[in-house]
Each structure stands twice: as structure tokens, then as C-alpha cells.
Amino acid sequence: MMPILRLAPKSLASRRVTVSFSIFAIAVSVMLLLGVERIRTEARASFSNTISGTDLVVGARSGSVPLLLYSVFRIGNATNNISWNSYRTLAANPRIAWTIPFSLGDSHRGFRVLGTNADYFEHFRYARSRSLKMAAGRPFDDVFDAVLGAEVAAALGYAVGDRVVIDHGVGSIGFASHKDKPFRVSGILAHTGTPVDRTVHVSLEGIEAIHIDWRGGAPDAGARIDAERVRQMNLQPRAITAFLVGLKSRFATFSVQRKINQFRAEPLLAILPGVALHELWSLMGTAENALAFISYFVVAAGIIGMATMLMSSLNERRREMAILRSVGARPVHIFSLFILEAIFVSGLGALAGLTLFYVGLVAAQPALEAQYGLFVAIGWPTSTEGIYLIAVVLAGGLAGIIPAVGALRRSLADGMVVRN
Amino acid sequence: MVQSVDLTDVKFQWRADQPVILDIPTFSVAAGERIFVSGASGSGKTTLLNLLGGVALPQTGSVAVGDRRLDQLSSSARDIFRADHIGFIFQSFNLVPYLSLVENALLPCWFSDIRAGRALERSGGVEEDARRLLARMGLDMDELSGRPVMDLSIGQQQRVAAARALVGNPGLVIADEPTSSLDEDARTMFLDLLFGEIEADAQTLIFVSHDRRLEPLFDRHVALSDVNRGSRDMIAS
């Protein structure tokens with residue numbers, strides 16, 4: 001095969017314009033393939049990193065996916081609340097190590113406000129076992145203290161000590177606001193790459209305080225209570241939206257889950273976050289798979305383009321094949337020449353695609369992180385990506401069979417002399 | 001090694017239901033002989049060349065080059081035999097457009113270890129043998145070697161093809177109308193150079209042409225119409 005290894009690159013180089021277009025088409029398709037694959041992997045990883053260390057998520061009875069969405073992802077709204085008494089009763093279960101209460105429903109300039117307590121900063125875990133860290137300031141201490149997620153602080157330009165007014169409801173700009181009781185930023189959390197970054201955290205008492213003079217979703221004009229007086233009042237919440245549970249032993253998971261689901265005082269739902277995450281991801285899997293399929297087909301189109309380029313060169317290359325036959329090339333040489341050209345073109349396309357992919361990654365990385373909270377690390381190609389690259393080259397070689405067979409047939413018919 | 005050629009009772013037809021194109025009771029060329037084969041288009045010339053090169057196989061009869069019966073070899077063995085022992089020159093467009101002048105001339109040595117070995121023996125290397133022959137063919141390598149081969153004149157291209165046919169000393173050179181695209185001066189020059197090299201290496205030369213003016217230059221003349229009893233009308237050129 002030595003003569004063919006010498007001939008193929010020279011032959012391609014002599015048709016460098018059309019060959020470059022084929023290589024470029026494959027490169028673009030490979031870039032798309034790798035890009036989709038990388039984003040898929042990173043999105044899946046960042047998704048499953050959203051919450052960890054929590055054994056159960058408890059909320060009013062609905063479905064596991066909606067519960068996960070509003071409690072962990074801060075998307076959508078709870079259908080119902082959990083009364084404070086029920087929460088206290090359940091949390092007293094001796095098999096429970098800790099709980100984190102969540103009170104949701106308000107927002108600040110499009111970012112969700114989460115009412116919780118100090119246990120949140122102590123027990124909440126994400127990305128396997130990482131705990132929340134303060135980038136500046138301290139966790140909330142006063143009723144009107146707020147702790148901002150990294151993205152909230154960055155997007156709105158807040159620093160510790162700034163005043164924050166909470167809007168009622170979760171519209172992008174609330175029509176009513178709690179401007180009579182502004183909060184003070186006591187701390188800003190370090191970046192996590194989870195929905196925590198887009199959350200404003202306040203104490204449960206803070207949530208209670210801003211709603212104490214509201215009736216039916218609007219300020220009660222006749223019963224205004226100002227911020228100073230509210231501090232003196234009993235601010236124990238009457239209800240919460242959900243709570244996270246950490247157990248002393250994981251083996252108790254199912255029995256505690258059953259106990260909560262069978263709780264008589266009100267209908268509640270306890271879910272295993274890992275299972276619900278998986279369920280949610282499989283819902284999104286369709287879109288994810290569709291994207292992957294599209295990228296496969298784009299690669300196929302690139303390879304078909306290359307095979308077409310080689311096919312269309314067959315006629316003008318008949319004389320070349322006849323000359324090669326006359327100097328001793330066997331039919332297998334003619335066949336291999338085309339296969340090798342196909343492999344070279346797809347191989348160069350794969351390499352160029354890999355280069356474009358990294359260039360694109362470097363260029364898009366800040367935007368992906370800023371806009372979608374997706375941190376895509378720039379590292380060596382993964383084994384899956386390596387397999388994709390090899391598959392592209394192999395597919396190119398396979399597609400090369402079509403022009404190779406065409407060349408072989410013409411060459412066998414022509415022999416050493418091309419008849420016109 | 002210089003090769004002889006012997007065809008005995010050769011019959012060839014493309015398909016069983018088509019006329020017999022070649023029917024040659026006997027056709028022989030002695031080793032070292034320079035023979036002129038004349039044949040108008042339609043006399044079965046191309047088919048004869050394909051048989052001699054082992055690209056086509058007769059339905060009956062024997063085709064021997066030297067001591068090898070081509071008709072008894074497998075198709076890949078015939079391909080290897082051709083690479084090792086026969087040099088071809090065609091009418092025109094003899095060169096691979098994407099190879100350099102020298103690469104075109106040494107091309108048979110890429111496909112034949114025997115010819116590469118002889119080139120090494122004779123000139124100290126494959127490229128050296130190609131360059132030596134190109135120079136002997138009157139091509140100014142200092143001026144031409146960097147140029148794309150398609151920029152050469154037809155006469156120059158034919159001389160590169162001659163160098164290629166001779167590289168690594170194959171033993172048998174078959175030329176098919178090598179001068180019919182050339183003008184008078186180029187033809188004379190080409191033939192002088194070709195004959196010089198053929199003589200220097202004592203190679204067998206089968207020269208096929210319809211140009212009877214060239215006949216006196218050869219040891220012997222054979223009219224294809226005299227040796228071939230095959231059908232005239234249906235023969236491809």
C-alpha cells in the first residue's frame with residue numbers, strides 16, 4: 001500500500017479547493033457534534049449537581065417533578081403550603097438529622113426569594129458534597145437581612161450593605177412590592193452553578209414580617225405596620241412551602257418517606273431528589289436526544305458531501321487510473337486510493353472540527369456561564385468525543401467505498417487505455 | 001532481463017455473443033528485437049496491447065512474455081508481472097497530473113520492487129535512475145523539475161513517459177502511437193532519444209503505429225492485419 005499512501009495526499013493536494021470545501025463541511029459538522037455532546041454532558045452534570053446530601057424533599061401533595069421544580073429549581077409555584085405545625089411534628093422524627101424549611105412565593109427583580117433559616121447554610125449540599133460559602137459578608141442574622149446568590153449580586157450590582165426591596169409574587173416585575181420593609185444585603189454567596197446563584201435568601205421571619213399586614217394578596221390599607229414595630233411581634237411562620245430532609249441513616253429513607261406520605265393532618269409528598277432528578281432529566285432527554293440526532297445527521301451530510309466530491313471526480317480521473325494501471329497498479333490499489341482519500345478528507349475534517357470546537361469553546365465559555373449558568377471546562381477531549389472522532393473517520397472511509405467501487409469498475413473496463 | 005513475446009492461437013472476444021476481435025495464430029518478438037506493428041484504427045491494436053500487458057485475457061491460446069505464460073497467471077500476478085517487466089508509452093496524456101516530473105518518471109518503481117532494485121543497481125537509487133533517464137531524454141531538469149507536468153509541451157510530456165517506460169530497466173517496452181501527437185521535429189527528437197536508450201539497455205521494443213514512414217527505423221515490420229484474422233468491422237479502435 002506504500003505507493004497509495006504516497007499518491008493519496010498528492011492527489012488531494014492537487015484538488016485543494018474542492019477538497020478544502022469537503023474538509024470544511026465535515027469540520028463544521030464535527031464541531032457541532034462535539035459541541036452538542038459537550039454541552040449535553042455538562043448540562044447533565046450541572047443538573048445532577050443541583051442538590052446532594054438531601055435524602056427527601058417534602059411539599060404539598062402534587063407530583064414529584066413539580067415539587068422538584070419549585071423547591072429545588074425555583075421554577076413554577078407550589079400548589080399548596082405545609083402548615084408550620086405539620087412541619088414541626090414531622091421534623092421531630094428521631095430518624096431525621098436535620099431539615100431545611102423553604103418558604104417561596106416572592107421575588108426580587110425577577111429573582112426568586114427564598115425564606116429559610118440558618119440550617120440552610122449549614123446543611124445544604126450541592127455537587128456531591130460541597131457546602132455553601134460566603135463570598136462576602138455573613139449569613140442573615142436580622143429579620144431584614146438578605147443573602148444573595150452570586151448571580152443575583154453580579155446581575156444587579158449589589159454589594160454587602162445595599163438595600164433590597166422584595167416584590168410580591170413572582171412576575172418578572174411584581175405589581176406590588178414590600179417597599180415599606182426593605183432588606184439589607186448581609187452577605188453574598190460564592191458561585192455554585194446551581195439555582196442557588198439566582199436566589200435571594202432571607203429568614204422565614206423576614207417573609208412573615210413583610211406579609212404581616214397583607215390580606216388576600218394586597219396590603220391591608222387599614223392595618224399598616226411599619227418595619228420597627230414588626231420586629232416586636234411574633235414572627236413565627238404559619239406555613240412553609242417545602243422542606244428538605246437529611247436522615248441520620250440512609251436506610252431509613254423509605255420508611256420516613258412512607259411516614260410523610262401517609263401523614264394524616266394534611267396531604268404531603270416526600271420524594272427522593274435523585275429519583276426525581278432522573279425523572280425530570282428523562283423528560284428533557286427527548287430534546288437532548290433530538291439535538292444529538294440532528295448533529296449526527298449533519299455529520300452524515302458532511303460525509304455524503306465528501307463522497308459526492310470524490311464521485312464527481314471519477315470521470316476526469318479515468319486517464320489517471322489508466323496510467324496507474326499501466327505502471328503496475330492493481331485494482332486493489334485503485335480501490336484503496338479512493339478509500340484512503342476519503343479517510344484523509346474525513347480525518348482532516350475531524351481534526352479541523354476539533355480545532356473549531358475548542359476555538360468555539362474558548363469563545364463561548366464566558367457567555368454560557370453568564371447566561372445559562374453552565375460552566376463548560378476546557379480540557380482534553382473525553383473518551384466519548386474521541387470515539388466520535390474515530391467514528392467520523394471510519395464513516396468517511398465507509399462512504400469512500402461508493403466512489404472507490406465506481407473507480408474500480410471504470411478502471412477494470414478501461415484497462416490501460418481510456419477509450420473516448 | 002530482456003523479454004521475448006510469443007502469442008500462439010490467441011482468440012479474444014468481449015462476450016461470447018460478440019465477434020472475435022483478435023484471432024492470431026502466431027505472433028513472436030525475439031528478445032532485444034525492435035518491431036514495428038502497423039495497424040489502422042479498428043485492427044484490434046488496443047486489445048493486443050491489453051493482452052500483452054495482462055490487462056485482458058484471451059479466451060483461448062497462450063500469451064507468453066519471456067518464460068511466463070500470462071494466460072496462466074492470476075489477474076493480480078499479471079498486474080505484478082506487468083509492473084516488473086513491461087514499460088508502456090501511450091499516445092498522449094501519459095502523466096499523472098498531481099505528481100512532479102521526477103515522480104512521474106519513477107512511478108513504476110513504487111509499484112515494483114524488482115524495478116526499484118534495478119534502478120538502484122544501475123544508478124544508485126530510484127530517483128537517480130529517473131533523473132538520469134529524464135536527462136538522457138533531453139529534458140533540462142534544472143529548468144523543468146519544479147514545474148507542474150501539465151505545463152510541459154506534448155513533446156516534453158512524451159519524453160517523460162519514455163523515461164518512465166525505461167526506468168528500472170523492465171526488459172520490454174510497448175509504445176502505442178507515442179509520436180502521433182507530435183510535430184515533425186518533436187517526433188524525430190523523441191525517436192532518436194528513445195532508440196538511444198532502448199539500444200543502450202538492449203530492451204525489446206514493440207512500437208505500434210499507423211505511420212508507415214517510421215517503418216525503416218525498425219528491425220522488422222508486422223502489419224496487424226496480416227497476423228490477425230479476427231473480424232474487422234466490429235473491432236474497437
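Two strands pair if DSSP finds at least two bridges between them. The legends below describe a predicted model.

**Figure 1. Strand β8(B) with its partners β7(B) and β3(B).** β7(B) and β8(B) pair in the parallel sense, with five bridges between them. In this pairing B:A175 has B:F207 of β8(B) as its bridge partner. Strand β3 (residues 34-38) of chain B is also joined to β8(B) by five bridges, and these two strands run parallel. Here B:F36 stands opposite B:F207. β8 spans residues 204-209 of chain B and is mostly covered, with six of its six residues buried. B:T204, B:I206 and B:V208 point one way from the strand, while B:L205, B:F207 and B:S209 point the other way.

**Figure 2. The open sheet β2-β1-β4-β5 of chain B.** Four strands make up this sheet, and their pairing is antiparallel. β2 (22-29) and β5 are at the edges with a single partner strand each, so one side of each has no neighbour in the sheet. Strand β1 (residues 5-12) is connected to β4(B) by five bridges, and the two run antiparallel. Across this pair, B:D6 stands opposite B:A64 of β4(B). Helix α1(B) packs on the sheet and touches β1, β2 and β4 of chain B. The direction of α1(B) makes about 120° with that of β1(B).

**Figure 3. Helices α7(B) and α8(B).** The axes of α7 (residues 154-166) and α8 (residues 184-201) of chain B come within 10 Å and cross at roughly 10°. Angles under 35 degrees count as roughly parallel, and α7(B) and α8(B) are therefore roughly parallel to each other. From α7(B), the contact is made by B:G155, B:Q158, B:R159, B:A162 and B:L166. From α8(B), the residues include B:M189, B:F190, B:L193 and B:E197. The residues of this contact divide into seven nonpolar, two polar and three charged.

**Figure 4. The surroundings of B:C109.** B:C109 lies in helix α3 of chain B. It is buried, with 27 other C-beta atoms within 10 Å. Leaving aside residues up to four places away in sequence, B:C109 touches B:R115, B:A116, B:A119, B:V126, B:V167 and B:G168. B:V126 is 17 residues from B:C109 in sequence, and their C-alpha atoms are 6.9 Å apart in space.

**Figure 5. Helix α2(B) and what covers it.** The buried residues of α2(B) are B:R78, B:D79, B:F81, B:R82, B:A83, B:D84 and B:H85. Among the elements covering these residues are the strands β4 (60-65), β5 (68-69), β6 (86-89) and β7 (172-176) of chain B. The helices α3 and α4 (113-123) of chain B also take part in the cover.

**Figure 6. The side of chain B that touches chain A.** In this interface, 25 residues of chain B are in contact with 20 residues of chain A. On the chain B side, the elements that give two or more residues are α1 (45-52), α2 (75-85) and α3 (101-111). The residues on this side divide into 16 nonpolar, six polar and three charged.

**Figure 7. Chain A as a whole.** Chain A has 14 helices and 18 strands. Its C-alpha trace spans about 105 × 45 × 35 Å along the principal axes. The radius of gyration of chain A is 31 Å, whereas a compact globule of 420 residues would have one near 22 Å. Of the 420 residues of chain A, 41% count as buried.

Note on methods. Residues numbered from 1 in each chain as written. Chains lettered and ligands numbered in written order. Predicted model: local features only at pLDDT ≥ 70, side-chain atom pairs only at ≥ 80, totals over all residues. Contact = placed C-beta atoms within 7 Å. Nonpolar A, V, L, I, M, F, W, Y, C, P; charged D, E, K, R; others polar. Buried ≥ 20, exposed ≤ 12 C-beta atoms within 10 Å, placed from the backbone. Axes fitted to C-alpha atoms, helices over the stretch in contact; angles between N-to-C directions. Parallel < 35°, antiparallel > 145°, perpendicular 65-115°, else oblique. Rg over C-alpha atoms; globule rule 2.2 N^0.38 Å.
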